[in-house]
Amino acid sequence: KAKKLVAVLLGRQKIAEAREELRRILAAERPGTPPADWARRLLARQIATDGYRELLEALALLRRNVDAQGRQYPEDILASIALLTPRNEPASWRQAVALFDELAKARPLTIDERVILAGFRIRLGKRDAARDELVAIASSPNASISVPTKIAEILLDADDPREASKWIARV
């Protein structure tokens, strides 16, 4: 019932009411239950765009979604990374890299995740390590044709048009 109510409220653009309902769900549910984890995830996505303080609150909410061993769920690690990706602060990039490292302990990173991680490393000035990773990704047998394009986009964002043009030529 509560999920449907939240969906209706969000569908009608009643964001404040939806957030209030999500907070009510969190107060009523035992921590670690699927409804509480779901409500925390959705509330984090809702508040993260309001400002830096709210982003920190959203990340803290997602860190509370853990399994029986106290490890954050991969889904919540990915949600945290998604919240950090559009940020322009090096601290956010470093946090995203740390989250990717944590995710890699839980399961192998996908090609897309590895490309995004390399993009963060480039922004943080770790170009050589990122380039080695990107070359490894592009030469892997299951890399799609879109990988060189994504790599070129990352390099263009990092103000490296010369290196980007080399990757575009591969397409």
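In the predicted model, Leu 55, Ala 58, Leu 59 and Leu 62 of helix H4 meet Asp 76, Ala 79, Ser 80, Leu 83 and Leu 84 of helix H5. Sorted by class, the residues in this contact are 7 nonpolar, 1 polar and 1 charged. The two helices pack at an angle of about 170°, and their axes lie 9 Å apart. H4 and H5 are therefore roughly antiparallel to each other, since an angle over 145 degrees is counted in that category.

Helix H5 spans residues 74-84, and its buried residues are Asp 76, Ile 77, Ala 79, Ser 80, Ile 81, Leu 83 and Leu 84. Among these, Asp 76, Ala 79, Ser 80, Leu 83 and Leu 84 also take part in the contact with H4. The cover over the buried residues of H5 includes H3, H4 and helix H6 (90-106).

Helix H4 (residues 52-63) also packs against helix H3 (residues 34-47), at an angle of about 165° and with the axes 8 Å apart. That angle makes H3 roughly antiparallel to H4. Their crossing is left-handed. On the H3 side the contact is formed by Arg 40, Arg 41, Leu 43, Ala 44 and Ile 47, and on the H4 side by Glu 54, Glu 57, Ala 58, Leu 61 and Leu 62. This contact has 6 nonpolar, no polar and 4 charged residues. Ala 58 and Leu 62 of H4 occur in the contact with H3 and also in the contact with H5.

The largest nonpolar core consists of 33 residues, and Val 6, Leu 22, Leu 83 and Phe 100 have the most contacts inside it. Two or more residues of this core come from each of H1, H2, H3, H4, H5, H6 and helix H7 (111-123). Leu 83, named above for its contacts within the core, is one of the H5 residues that meet H4. When residues up to four places away in sequence are left aside, Val 6 touches Ala 18, Glu 21, Leu 22, Ile 25, Trp 38 and Leu 42.

Terms used:
Residues numbered from 1 in each chain as written. Predicted model: local features only at pLDDT ≥ 70, side-chain atom pairs only at ≥ 80, totals over all residues. Heavy atoms only, no water. Axes fitted to C-alpha atoms, helices over the stretch in contact; angles between N-to-C directions. Helix = DSSP H or I, 4+ residues; strand = E, 2+ residues; numbered from the N terminus. Parallel < 35°, antiparallel > 145°, perpendicular 65-115°, else oblique. Left-handed = near helix turned anticlockwise from the far one by under 90°. Contact = heavy atoms within 4.5 Å. Nonpolar A, V, L, I, M, F, W, Y, C, P; charged D, E, K, R; others polar. Buried < 20%, exposed > 50% of the residue type's maximum accessible area, 1.4 Å probe, protein only. Core = buried A, V, L, I, M, F, W, Y, C linked by side-chain atoms within 4.5 Å.
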